[in-house]
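Look at the sequence and structure below before reading on.

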Amino acid sequence: LLLFEGGHYGLVFNLDPGEIGVVLLDEVGNLTAGSEVRRSGRILDVPVGKSLLGRVLDPLGRPLDDLGPIVAEHRLEVERAAPPIHERAPVAVPLQTGIKAIDALFPIGRGQRMLIVGDRQTGKSAIAMDTVINQRESGVVCVYCFIGQRNAAVAAAIEQLKSQGAMDYTVVVVARGEDPPGLQYLAPYAATSMAEYFMHQGQDVLIVYDDLTRHARAYRELSLLLRRPPGREAFPGDIFYSHSRLLERSTHLRNEFGGGSLTALPVIETEAQNLAAYLATNLVSITDGQLILSPELFQKGLLPAIDTGTSVSRVGGDAQLPAYRSVSGDLRLAYAQFQELEAFSRLASRLDEATTKVLERGRRIRQILKQGEHDAIPAAEQIAVLLAATQGLLDGIEVDQVRLHELALRQKVRVALPDLLHALQAGQPLSPEGRQQMVEAMSRG
């Protein structure tokens, strides 16, 4: 870390025999040949600790929220090695998002890295934001890292977190679009160090990188200015390494090493759903699953616009609440059959009774998977309404009335089976008797 005149920071990026390449971390308008530069005598680090909760910071740990200076309990280096393999434990505990389509079909475990990918304006940030808000009573600490976003979007997101009571357990790290590219490049690494402090204290942490497309562009800009050789799409050759060493820091630690976890939700933006693009293929190979958002579904109002045919979770099934397993298999099969038949049914003039039944049930499952923003649903109630859909309890309901009927079903099971709901939420499997009780409770009236 170097110090320029006026107290501005710079980071050594290139070490060549005759010169060094330095990335500026502040806007320095009066920097000229002959300006004095000093060594700081230290590597780049950031403040960490509980005093950061509820604060909005830049990647250097400087406050942006007018709430006074940060009183740091500790400081950690921005660049830190990922935990070695022998310190890692399997992902075994679910991280509930409150979103039915994710928790039932593409579950996320604590310590997993789940990529959120989609075109512009398809609801990527909304999913990440709802997941943070849903941790209100889970004890999970959250770190939300904005990279290269517009000021208005950042301000609106922070206001949402405040209004939902999420800032009490959240640290927000902001590198705005007008900030120097060096600061945007550092943002996710600094945010991860802040999150790792809590992980090493034995806590579960969720970190959102919104988004890594802008991070990669900032790194490309720096690398081209420093005359590093460009590769595919003009990105530097080590762009894969820059993201892999960031995301490898997310893991679940074994109990003898603290037992904490760091779950990552990196967000990237595609163009025309091109998953074969350089960044998309890189990050799909690094992460443990991906939620792919479809602009077609978004335009139809099927929100969240998750493409169930191409999204996948490679870890979360092992961490999913056991009760989900008794409904998610039937749900996945019924919905997949519906999607396949729906495409063919447009070409057919007459359909047999069995096909019509599959299509009608599929339309109701699609409605039941729709969910509004900031409308988190407890896991046990999700299981109840998904069971109702797969067992045909919604078959006689008009499609446009399914969402209203869902509220009535949730109310019925809350009143009739509070002990069963509590047991499912605590991790108990759904027994055949409990399944029958739930179906009977929802069938009454």
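The model is predicted. Arg-38 forms a salt bridge with Glu-36, and their closest N and O atoms are 3.1 Å apart. Glu-36 is partly exposed, at a relative accessible area of 42%.

Arg-38 also has a place in strand pairing. It is the bridge partner, in β4, of Leu-3. Strand β1 covers residues 2-4 and pairs with β4 in the antiparallel sense, over 3 bridges.

## The four-stranded sheet

β1 and β4 belong to an open sheet of 4 strands. The order is β3-β2-β1-β4, and the pairing is antiparallel. Which strands stand at the edges? They are β3 and β4 (37-39). Each has a single partner strand, so one side of each lacks a neighbour in the sheet. On average, neighbouring strands here are turned by 40° against each other, direction ignored.

Ile-20 is partly exposed, with a relative accessible area of 44%. Together with Val-12 and Leu-15, Ile-20 forms a nonpolar surface patch. The accessible area of the three together is about 280 Å².

## The eight-stranded sheet

Another open sheet has 8 strands and mixed pairing. Its order is β6-β10-β9-β11-β12-β8-β13-β14. The edges are β6 (56-57) and β14 (312-313). Each of them has a single partner strand, so one side of each is left without a neighbour in the sheet.

Strands β9 (residues 141-149) and β10 (residues 170-176) run parallel and pair over 7 bridges. Within this pair, Cys-142 stands opposite Thr-170 in β10. Helix α3 (residues 151-163) packs on the sheet and touches β6, β9 and β10. The direction of α3 makes about 175° with that of β10.

## Strand β12

How much of strand β12 is buried? Of its 9 residues (261-269), 8 are buried, so the strand is largely enclosed by the rest of the structure.

β12 has parallel pairings with β11 and β8. Strand β11 (residues 204-210) is joined to β12 by 7 bridges. Val-205 has Leu-262 as its bridge partner in β12. Strand β8 (residues 115-118) pairs with β12 over 3 bridges, also in the parallel sense. There, Gly-118 stands opposite Glu-269 in β12.

Thr-251 sits in the loop between α6 (239-247) and β12. Is Thr-251 buried or exposed? It counts as buried, at 4% relative accessibility, because the cut-off for buried is under 20%.

Setting aside neighbours within four places in sequence, Thr-251 is in contact with Pro-83, Arg-88, Gly-111 and Met-199, as well as Gly-260, Ser-261 and Leu-262. Leu-262 is the bridge partner of Val-205, and Arg-88 takes part in a salt bridge.

## Salt bridges across the chain

Side chains of opposite charge can pair when their charged atoms come close. In this model the count comes to 26 salt bridges.

Arg-88 bridges to Glu-248, with the closest N and O atoms 3.5 Å apart. This pair links distant parts of the chain, 160 residues apart. Arg-88 is in the loop between β7 (74-77) and α1 (100-105), while Glu-248 is in the loop between α6 and β12. Arg-88 counts as buried, at 18% relative accessibility. Glu-248, at 30%, counts as partly exposed.

A further salt bridge joins the side chains of Arg-113 and Asp-288, at 2.9 Å from N to O. Arg-113 lies in the loop between α1 and β8, and Asp-288 in the loop between α7 (278-286) and β13 (289-293), so the pair ties together parts 175 residues apart in sequence. Both partners count as buried: Arg-113 at 10% relative accessibility, Asp-288 at 14%.

Definitions and conventions: Residues numbered from 1 in each chain as written. Predicted model: local features only at pLDDT ≥ 70, side-chain atom pairs only at ≥ 80, totals over all residues. Heavy atoms only, no water. Patch = residues over 30% accessible without salt bridge, like charges linked within 9 Å, V, L, I, M, F, W, Y side chains within 5 Å. Areas by Shrake-Rupley, 256 points an atom, 1.4 Å probe, with all protein chains shown as cover. Salt bridge = Lys/Arg side-chain N within 4 Å of Asp/Glu carboxyl O. Buried < 20%, exposed > 50% of the residue type's maximum accessible area, 1.4 Å probe, protein only. Pairing = 2+ DSSP bridges. Helix = DSSP H or I, 4+ residues; strand = E, 2+ residues; numbered from the N terminus. Contact = heavy atoms within 4.5 Å. Axes fitted to C-alpha atoms, helices over the stretch in contact; angles between N-to-C directions.
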